[in-house]
Amino acid sequence: MARPKTTNDPVLGALIRKRRKQLGLTLQALCDSAGLSVGYLSQVERGQATPSLGTLAQIAQGLSVGLEYFITTPKPSDSLSRAGARPQFSIDGSSIQYEAVSADFPGAELSCYILHVPPGYASEEVHHEGEEIIFLLDGEITQTLGGQSFILQQGDSLHYSGSTPHSWSNETDATTRILWTGTLSVLQRKGAVKLPEINPANTNG
């Protein structure tokens, strides 16, 4: 019996690999969860094998997504973000407020958020895969990148590799708004995922 067509193999493999890396899963870990062999899943990710819908459902379960992640074609309107209509949210009681600007569709590589950063908020120094762009909409932050510090004000921007150690802080007495864009996936639809570079700083007034 012929297997039902799912999608183009290279595209399917790229979606699986992207989601697996987002979750920090090794091939072995995903295979253990999905009940597949490493050799077979490696072939799927490289576009050398096409899974049946049943096997794809096992992979989807291991990646905590539904089958629609692989087979749904997004509508143009799904990518539209209206000013004033974006809901604001926070993570684990954080005082930073977020607005999602980017759309969530299969294969999307970019994430984009507006961050409302209160006075006295700072981050730890981190480094990671991917790249980031920050654009100051309002206010001011002090950004440290590779041991150098920069003061960014309204209209300033900075584009850098995530592998370069970086941190930032709002040392003013006013809320700062930052447009953050990057290839690092920091939030997901199902619950909040801890942002790796944003943590409250201990302040003494």
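Author: Let us begin with burial: a residue is called buried under 20% relative accessible area, exposed over 50%, and partly exposed in between, with a 1.4 Å probe and protein chains only. The model is predicted, so local features need pLDDT of at least 70 and side-chain atom pairs count only at pLDDT 80 or more, whereas totals for chains, interfaces and linings use all residues. Residues are numbered from 1 along each chain as its sequence is written, and side-chain values use heavy atoms, with hydrogens and water left out.

Reader: Is Asp138 buried, exposed or partly exposed, and which residues does Asp138 touch?

Author: Asp138 is partly exposed, because its relative accessible area is 27%. Asp138 is found in strand S4 (residues 131-138), where helices (H or I, at least four residues) and strands (E, at least two) are DSSP runs numbered from the N terminus. Contact means heavy atoms within 4.5 Å, and, not counting residues up to four places away in sequence, Asp138 touches Gln154, Thr176 and Arg177. A polar contact is a pair of N or O atoms within 3.5 Å; within protein, one must be able to donate a hydrogen and the other to accept it, and residues adjacent in sequence count only if both atoms are side-chain atoms. The side chains of Asp138 and Arg177 are joined by such a contact, of 2.7 Å.

Reader: Where does Glu99 lie, and is Glu99 buried or exposed?

Author: Glu99 lies in strand S2 (residues 97-100) and is buried, because its relative accessible area is 8%. Its side chain makes a polar contact of 2.7 Å with the side chain of His116. Not counting residues up to four places away in sequence, the residues that Glu99 touches include Arg86, Phe89, Cys112 and Tyr113.

Reader: How do I read the faces of a helix, and which residues of H2 are buried?

Author: One looks down the axis and takes the arc of the directions from the helix axis to the C-beta atoms. In helix H2 (residues 27-34), the buried residues are Leu30, Cys31 and Ala34, and they fall within an arc of 100° seen down the axis, so they line one face of the helix. The face turned away from that buried side carries the exposed residues Asp32 and Ser33. Just after H2, Gly35 takes a positive phi of about 75°.

Reader: Which residues touch the most other members of the largest nonpolar core?

Author: A nonpolar core is a set of buried Ala, Val, Leu, Ile, Met, Phe, Trp, Tyr and Cys residues joined through side-chain atoms within 4.5 Å. The largest has 17 residues, of which Ile16, Leu41, Ile59, Leu63, Val65 and Phe70 touch the most other members. Helix H1 (9-22), H2, helix H3 (38-45), helix H4 (53-62) and helix H5 (68-71) each supply at least two residues of this core. Apart from it lies another core, of 16 residues, among them Tyr121, Ile141, Tyr160 and Trp180.

Reader: In what order do the three strands of the open sheet stand?

Author: Strands of a sheet pair through backbone hydrogen bonds, either parallel or antiparallel. Two strands count as paired if DSSP finds at least two bridges between them. Here the order is S6-S5-S8, with antiparallel pairing. Strand S6 (148-153) and strand S8 (166-169) stand at the edges, each with a single partner strand, so one side of each is left without a neighbour in the sheet. Six bridges join strand S5 (residues 140-145) to S6, and the bridge partner of Gln143 in S6 is Phe150.
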